[in-house]
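Morning, everyone. I have one structure to walk through today. Please have a look at it while I talk.

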Amino acid sequence: MKTKSIKIGNQIIGSGFPIAIQTMWKSPLTKDIQPILLELKELNEIGADIVRFAVPDMDDAVILSDISKKSLIPLVADIHFDYKIALKCIEGGVHKIRINPGNIGSSWKVEEVIRAAIDMATPIRVGVNGGSLPSSLRNRTDLPEAMVEAAEMELNIFEKLNFKDVVFSLKSSDIDSTVMANQIFSKKYSYPLHLGVTEAGPLIPGIVKSSIALNKLIIAGIGDTIRVSLSDTMQNEVFAAREILKSSGKESQGVNIVSCPRCGRASFNTHEFLLSIEADLQKIKKNVSIAVMGCIVNGPGEARHADLGITGSGDNIVIFKKGEIVGKGDSSQAAAMFTKELEKI
Ligand code: SF4
């Protein structure tokens, strides 16, 4: 679905632009912002396009405004309850504001936020959450429709003030409700959609739920930005989002990792090796296929399509390209040999 385009700092979402990957900062803000800026840069290097921060009070609004002025990537202030914190963030130049219709309060408060956003050309996301709908909708049994109505109640306020730079999200912890709510909304409106399953859970269940829901929507052409919400690291949220986009045919850049699960024949510790190089692989923007195989018996043959592969045992580690062995060494040299060949590619 072709949506309106919206500028968030140096990033454009909607209107067929690449689907942007988001994550959310997982610890309290600190006055020492240098480590935060460094981590934001590292998150950007592995694929994060936008990062959201919880802003529970005015002190945090000041800190986030300061970070926003120096950050390489756009930042979003996540506001609950107190519209004045949103005003402070907008005034401070934070790139985008997220409000929740279930807890921001009366419409005049939302109007105040919109007027400030118009003055500063700040986009706003209306983040509808199936678990915290406005009180008038809380007892509804048709959750997807109720989520859309929550979005529409807020949309009326935005349209009254002719504010167009608005993104919507309709998230639930339930896969079907999330999918249905986004399908209904995207049929009626062309505002960009931020996709996600809320409170999806720990690493594996969270990735499975998010993959099922987001893939259904993405392959139907719905969604302009995504966040995989995990009880895990920001880095893993970004890795998971990238893999969902790749597997849904929306991102062709980057490394495709083929690795064997290991069996009784395994002589090379694929799990350990992958963990040691995974963060570096995620920084590669080129379209490269990598194979990490557990044994020489089947490894190079089964992974003959790979641009670069590794397997072996102890003193006999082999590096191969398209099935042909191009280097040998012992296990202490494995990572260095592999990285050297990777750089050549
Ligand atoms: S490549 Fe070797 S170790 Fe890996 S699953 Fe196949 S036979 Fe087992």
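First, a term for later: Ala, Val, Leu, Ile, Met, Phe, Trp, Tyr, Cys and Pro count as nonpolar, Asp, Glu, Lys and Arg as charged, and the others, Gly among them, as polar. Keep in mind that this is a predicted model.

Now the cavity. The count comes to one cavity of 30 Å³ or more. The volume of this largest cavity is about 30 Å³. What lines the largest cavity? The lining is R242, E243, K246, V255, I257, L281 and Q282. By class, that gives three nonpolar, one polar and three charged residues. Three elements, α8 (234-247), β11 and α9 (270-282), supply at least two lining residues each. The largest share, three residues, is from α8.

β11 takes us to the sheet. The sheet is open, with five strands in the order β11-β12-β13-β14-β15 and mixed pairing. β11 (255-259) and β15 (324-329) are at the edges, each with a single partner strand, so one side of each has no neighbour in the sheet. From one strand to the next, the twist averages 20 degrees. Five bridges join β11 to β12 (residues 288-292), in the parallel sense. V258, for instance, has A291 in β12 as its bridge partner.

A helix packs on this sheet: α11 (residues 334-344). α11 touches β12, β13 (308-313), β14 (316-321) and β15. The direction of α11 makes about 10 degrees with that of β14.

Last, the ligand. Around the ligand sit C260, C263, R265, A266, G294, C295 and N298. That shell divides into four nonpolar, two polar and one charged.

Technical notes:
Residues are numbered from 1 along each chain as its sequence is written. This is a predicted model: local features need pLDDT of at least 70, side-chain atom pairs count only at pLDDT 80 or more; totals for chains, interfaces and linings use all residues. Side-chain values use heavy atoms; hydrogens and water are left out. A residue is near a molecule or strand if one of its heavy atoms lies within 4 Å of it. Two strands pair if DSSP finds at least two bridges between them. Helices (H or I, at least four residues) and strands (E, at least two) are DSSP runs, numbered from the N terminus. Axes are lines fitted to C-alpha atoms, for helices over the stretch in contact, and angles run from 0 to 180 degrees between N-to-C directions. Contact means heavy atoms within 4.5 Å. On a 1 Å grid over the protein atoms alone, a cavity is a set of points where a 1.4 Å probe fits but cannot get out, and a pocket is an open set with protein on both sides within 12 Å along at least five of seven lines; lining residues have an atom within 4 Å of a point. Grid points are joined across faces, edges and corners, and a volume is the space filled by probe spheres set on the points.
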